[in-house]
Structure formats: C-alpha cells, structure tokens
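Try each task before reading its solution.

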Amino acid sequence: MKKFTSIIAAALALSLLAGCSPSTSSSNKPSDGTDTESKNDTAAVTTTAPVETAPVTDAVTEPPASSSPTTLRDAYDGIFYIGVALPGSLIGNAKFNGVITDNFNSITCENETKPDFVLDAAASRAGLPDTYTSPRFNFAQAKKAADYAVKNNMKMRLHPLVWHAQTPAWFFTEDYTDGGALVSRDVMLARMESYIKTVLEYFKDNYPGLIYAVDVVNEAFDTGVGDANGIRMQENRWYDTVGPDYVYYAFKYAREYAAEDMKLFYNDYACMWKTDLMINNLAQIKDEGLIDGIGMQSHLAATDSVTQFLRAAEKFCGAGYELQLTELDVGVKSDSESEFKTQGKFYGDLMSGLIKLIKKGANITSVTVWGISDGNTWRAGEYPLLFNADLTPKPAYEQFLAASPLVTE
Ligand code: GLA
C-alpha cells in the first residue's frame with residue numbers, strides 16, 4: 001500500500017508543480033532527454049495509480065518495484081535541469097561516465113567554452129590585417145563537450161561570452177600580442193560583436209536546440225573593484241577599451257545572434273549581497289528585452305544563510321527574471337561526519353526552498369553543481385560537492401535528492 005500511496009503523492013506533486021511553475025509549462029521546460037521519456041514517466045503514474053481502489057488480482061496490476069526516483073536526473077525531471085560543470089579531461093572517462101549520465105541532464109564546460117579556449121591566438125595574429133576585427137576560433141575542445149551532451153541526451157549552458165577573466169590579453173590589442181597597445185572602443189565593439197556572433201552561430205548551426213542558456217556577461221558588478229555604479233573596473237580590459245556600457249553591448253549583440261531558444265543570462269557571484277546592484281545595473285537591458293535571466297553562481301559555505309539566499313532568489317524572480325543556480329558548491333571546514341551532515345542539511349534546505357519558490361510562481365529552471373566530486377573541485381580542502389572523491393554519494397547528495405517532491409521514500 002505504501003508503494004501505491006507514493007505513486008499518488010508523486011503524481012500530485014508533479015501536477016502541482018506543472019500548475020504553479022511557469023518553468024514547467026514554457027517551451028524551456030526541462031525534460032530528461034526526450035519528450036517520449038517524460039510522457040512515459042507520466043503514463044506510468046496515471047495508469048498504475050487507480051489500481052489502489054480495485055482488488056489486486058494478479059501480478060499485472062502491481063506497480064513497478066521502485067517508484068521513487070533514485071538519481072538526481074529522475075528526481076528533478078520536469079522541475080528544473082540538473083547540471084554539472086564538466087572538465088574536458090573527464091569527458092568519456094569510464095569511471096565518471098555513469099555518475100554523470102545517471103544524475104545530470106545539463107552540462108556546463110568548466111573551461112572549454114571560455115574565450116581563452118575558443119580564441120585562436122596564432123591564427124588571429126597570422127591573419128592580420130584581415131582578422132583585425134574578426135579573430136579566428138578553434139572549437140575543437142568545445143565540440144567534444146557538445147558531442148558528449150548530444151550523445152547522452154543532455155542540454156548545455158554556454159558559459160561565458162564576455163568576462164574580464166580567462167579572456168586573452170592579446171584579444172584587446174592592436175597587433176594581437178599580449179603587450180600591444182589597446183584598441184579603440186569602436187574596434188573593441190566590433191571584435192565583441194564578431195566574437196559573440198561566431199560563438200553563438202557555431203552552436204546554432206552545429207547543435208540546434210542544445211544550448212538553453214548563455215552566460216552573456218560574467219561578473220561585471222562589484223562595488224569593491226568597480227566604478228561609481230559598481231561596474232568592474234579593476235583588471236577588466238572590456239572596461240578599459242569599451243567603457244562601462246560593455247555589458248549593454250554584449251547583451252545587444254547576443255540577442256541579435258542567439259537562437260530563440262537560447263535564453264540570455266547575466267551570471268555573478270555573491271548575488272545575495274548585491275541583488276539591488278545587479279537589478280539596477282541591468283534595468284535598461286531588461287527594459288529593452290535583451291536579457292532573460294540571472295545566474296546565481298552560488299559558491300557558498302555551509303555557514304551561509306539559506307534564508308538570505310532564497311530571499312535574493314525571490315527578489316530576482318520578482319523582478320521578472322528567469323533564475324538558474326549556475327555554479328553551486330557548498331564548502332565545509334573538513335570531511336568529518338558532522339560537517340558533512342551540516343552540509344547535507346544545507347543542500348536539502350536549499351533545494352526545498354527552491355521548490356517552495358517554484359510553487360509560488362518563481363521561474364527557476366536549472367541548478368548546476370560546479371564539479372562532480374570532492375576530488376575534482378576548484379575548492380580543494382573544502383569538500384563542497386555531492387560525491388566523495390571515490391564517487392560514493394555524500395549526505396549532500398542524499399539530501400539534494402530527498403528534497404525533490406517526486407521522491408517519496
Ligand atoms: C567563476 C567562473 C567559473 C569558474 C569559477 C572558478 O565562478 O564563473 O567559470 O572559473 O569561477 O572555478
């Protein structure tokens with residue numbers, strides 16, 4: 001009987017979410033691979049549930065042995081995409097493959113779609129003067145990730161187009177050398193347009209439908225290193241060449257060249273402390289319809305306040321943005337049992353909080369963790385992810401999973 005009740009509860013949860021969350025009814029609705037798969041899930045629920053009221057006469061009327069999802073990908077199917085940042089070195093690695101494909105239906109390249117990786121210095125330099133405002137590209141590494149996503153029925157977040165970091169110094173200079181003189185605003189805007197056009201068209205032409213979100217600009221607002229409006233000045237060649245409206249132009253070009261199903265995002269860290277700064281600085285871009293969503297990177301610590309985080313998330317949604325958690329990891333002080341328990345509770349509370357916001361109408365469409373295991377994280381020693389280095393699931397994984405309304409046991 002418990003199994004039947006679980007199935008009904010799952011069906012109710014699903015319909016509740018479908019009714020309340022714009023994310024599940026829009027064309028951007030996450031689904032686990034194909035429509036057929038999602039439909040099959042729903043069909044299983046509706047055809048087996050009614051037998052609870054009828055006498056069980058033979059084995060045909062038995063529900064499946066395990067009705068509650070046991071992987072993240074299944075647990076959040078139809079609610080939001082579950083993503084992972086994938087280092088190129090792990091693509092096709094048999095040890096990791098099962099964990100990745102079982103649990104995630106979205107990937108973000110940890111590096112391979114960053115300007116440092118797709119811009120081709122030698123070819124751009126060799127091609128001068130023809131390449132002066134149209135640099136050359138090499139998508140070989142990005143292609144491996146895109147092919148992997150297609151092969152495994154996954155979608156992809158394209159991260160990031162315009163960023164002060166991991167963008168080569170030569171891209172901003174007259175002769176495409178690191179030490180060259182910076183180009184004028186007009187030239188840099190032409191290079192920006194060329195960059196955005198080429199990258200978006202590469203994915204649009206070769207992988208239609210793969211990219212559902214693009215981080216158009218990453219990390220442009222921070223009062224500590226910014227101008228009077230908090231626009232990043234320090235070590236930011238985009239600011240040095242174009243000026244403070246580089247963010248505006250990035251979105252303008254992105255909207256011009258993106259496919260309709262590529263949602264345009266502004267992505268940043270420490271969002272719960274700079275919600276107003278971000279909303280204010282994006283106001284004109286939003287008014288002109290050039291942006292769709294906010295990416296909260298979500299590099300957090302288990303000592304942070306989930307309530308404060310959710311308040312910021314709610315504010316972004318209330319301001320009319322689609323919301324995605326794009327780089328989630330939650331650091332702890334050690335790998336002790338008690339720290340992992342605290343971390344598990346944090347992940348669980350965060351996911352339950354997001355589900356509550358979705359039920360209230362928030363358009364939250366994706367949650368991406370920034371790495372697979374504690375053995376492959378940029379925050380070594382903080383054990384911030386869902387799997388141990390040996391790929392066994394941590395309490396964080398269990399709590400993340402259990403927070404889904406589709407998980408009933
Ligand atoms: C930022 C970037 C990511 C990544 C992390 C550190 O959050 O957006 O691409 O580089 O830093 O790993």
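A polar contact is a pair of N or O atoms within 3.5 Å; within protein, one must be able to donate a hydrogen and the other to accept it, and residues adjacent in sequence count only if both atoms are side-chain atoms. This is a predicted model, in which local features need pLDDT of at least 70 and side-chain atom pairs count only at pLDDT 80 or more, while totals for chains, interfaces and linings use all residues. Residues are numbered from 1 along each chain as its sequence is written, and side-chain values use heavy atoms, with hydrogens and water left out.

**Exercise 1. The ligand**

Find the polar side-chain atoms of Gln297, Asn218 and Lys114 that lie by ligand oxygen atoms.

*Solution.* 
- Start at Gln297, where a polar side-chain atom is 3.0 Å from an oxygen atom of the ligand.
- Move on to Asn218, for which the distance to a ligand oxygen is 2.9 Å.
- Finish with Lys114, whose polar side-chain atom lies 2.7 Å from a ligand oxygen.
- Then take the ligand's area (Shrake-Rupley method, 1.4 Å probe): alone it exposes 300 Å², and the protein buries 87% of that.

**Exercise 2. Helix H14**

Check the span of H14, then sort its residues into buried and exposed.

*Solution.* 
- Helices are DSSP runs of H or I with at least four residues, strands are runs of E with at least two, and both are numbered from the N terminus.
- The expected span is 1.5 Å times one less than the number of residues. For the 13 residues of H14 (306–318) that gives 18 Å, and the end C-alpha atoms are 18 Å apart, so the two agree.
- Buried means under 20% relative accessible area, exposed over 50%, and partly exposed in between (1.4 Å probe, protein chains only).
- Val306, Phe309, Leu310, Ala312, Ala313, Phe316 and Cys317 are the buried residues of H14. They cover an arc of only 155° around the axis (taken from the directions from the axis to the C-beta atoms), so they share the same side of H14.
- Thr307, Arg311 and Gly318 are exposed on the other side.
- At the N-terminal end, Ser305 caps H14 with a side-chain oxygen 3.3 Å from the backbone nitrogen of Thr307.
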